[in-house]
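Keep the sequence and the 3D view open while you read.

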Amino acid sequence: MHSSKPNSETRAGDDWPSELYRMLKAADVRQMSYVPDAGHSQLIRMFSADRDVTTNVLTTEEEGIAIAAGAWLGGQRSVLLMQSSGVGNCINMLSLSAIGRFPLLMLVTMRGEWAEFNPWQVPMSRATQPSLEAIGLKVMRAETAEDLVETVEAAAALAYESDQQIAVLIGQRLIGKKKW
Amino acid sequence: MPMSNASQLDRRAAVAALLKNRKDTLVVSGLGSPTYDLHSVGDHDGNFYLWGAMGGAALIGLGLAQAQPGKRVLALTGDGEQLMGLGGLATIGVARPRNLDIVVIDNQHFGETGMQASHTGRGVDLTAIAVACGFAATGTVRTIEEVKRLATEIAGPADGPRLFVIKVLAENPPRSLPSRDAVFIKNRFRAHLGFAAT
């Protein structure tokens, strides 16, 4: 059967976006901002349909770093969704999170590392983790759906309870090959 | 394009007039002169001063406005800082907060780095960009009387985000320096809103 949807939405018994949504809601996330990625599409739909969560579509990923800091100043927890190519756009703005010790939770779907069809995704894929670590973020990584939910739960606690700046990298192997 | 719209307005006098009756308005200032201008009017627990994160002032304002819909939020920034965040005007236009105002103190120059001419003196009109992004109101003012009227206007309700440009003289008044400790300023700001330090 052919499908235009990513594998993540068709794999039976493997509904990690719904589990992430429930977990982030339980963590009292009230704002979500994103630059779209196919791997995040279900999570984006669920948050966008939630009237208790304010969602912002961004023109470039670093906008979400600033929005997250403003949300925290105003007393709300937030989450930022992007793909690995967007990490490079964020680096200077991450100074704000780092120097202000603002809680930050970024969920980054990886491109350019597993069955990738677009070579232009590869250089930033390679630079994603080193550049995040260079600006001071803690990087966590998940390769399976079970591991991802547990990892994001731990990352959320580290961010919101311990004022840490965390990027969770979601392996491209988990997302599945892009169909187009 | 020739230099246009040169103004003789003193930026400190303009910011003082703008914030004279700020009441419980929360203010985020963009790095460089707007941060000094905001501090020169008097330090305030409801101020968050940026010393970096160029292009982020209005977007910090957006996250704050969304978290505090009952309070007015002002992003006070400069032409260079806002030019670096042009895409953010589209994001704010789509988000359409009713309690966020952006005021650009526009000297048409990058004042911190040697007064190089910026885009706003060469024909780029931030208010026209804001209109195209769906802002509810925009305007450009050049005199202290106009700033006083603007202060009254932004104290009132809005249907969506607003962006105003205050054209000022290109000069660097003596620096008025707030704390550069962002953790301290952050925690002070949150305590002002009733959130305990964790």
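A residue counts as buried if 20 or more other C-beta atoms lie within 10 Å of its own, as exposed if 12 or fewer do, and as partly exposed in between, with C-beta atoms placed from the backbone. Strands (E, at least two residues) and helices (H or I, at least four) are DSSP runs, numbered from the N terminus. This is a predicted model: local features need pLDDT of at least 70, side-chain atom pairs count only at pLDDT 80 or more, and totals for chains, interfaces and linings use all residues. Residues are numbered from 1 along each chain as its sequence is written, while chains are lettered from A and ligands numbered from 1 in the order in which they are written.

**Strand 3 of chain B**
- Strand 3 of chain B (residues 73-78) is mostly covered, with 6 of its 6 residues buried.
- In a regular strand, side chains alternate between the two faces of the sheet.
- Both faces of strand 3 of chain B are covered: B:Val73, B:Ala75 and B:Thr77 are buried on one side, and B:Leu74, B:Leu76 and B:Gly78 on the other.
- Strand 1 of chain B (residues 26-29) runs parallel to strand 3 of chain B and is joined to it by 4 bridges. B:Leu26 has B:Val73 as its bridge partner in strand 3 of chain B.
- Strand 4 of chain B (residues 100-106) also runs parallel to strand 3 of chain B, through 6 bridges. Here B:Ala75 has B:Ile102 as its bridge partner.

**Sheet of chain A**
- In chain A, 6 strands form an open sheet in the order 2-1-3-4-6-5, with parallel pairing (two strands pair if DSSP finds at least two bridges between them).
- Strand 2 (54-57) and strand 5 (138-142) of chain A stand at the edges with a single partner strand each, so one side of each has no neighbour in the sheet.
- The twist averages 20 degrees from one strand to the next (angles run from 0 to 180 degrees between N-to-C directions, and axes are lines fitted to C-alpha atoms, for helices over the stretch in contact).
- Strand 3 (residues 77-83) and strand 4 (residues 104-109) of chain A run parallel, joined by 4 bridges. A:Leu81 has A:Leu107 as its bridge partner in strand 4 of chain A.

**Helix pair in chain A**
- Helix 1 (residues 16-26) and helix 2 (residues 41-48) of chain A pack at an angle of about 40 degrees, with their axes 8 Å apart.
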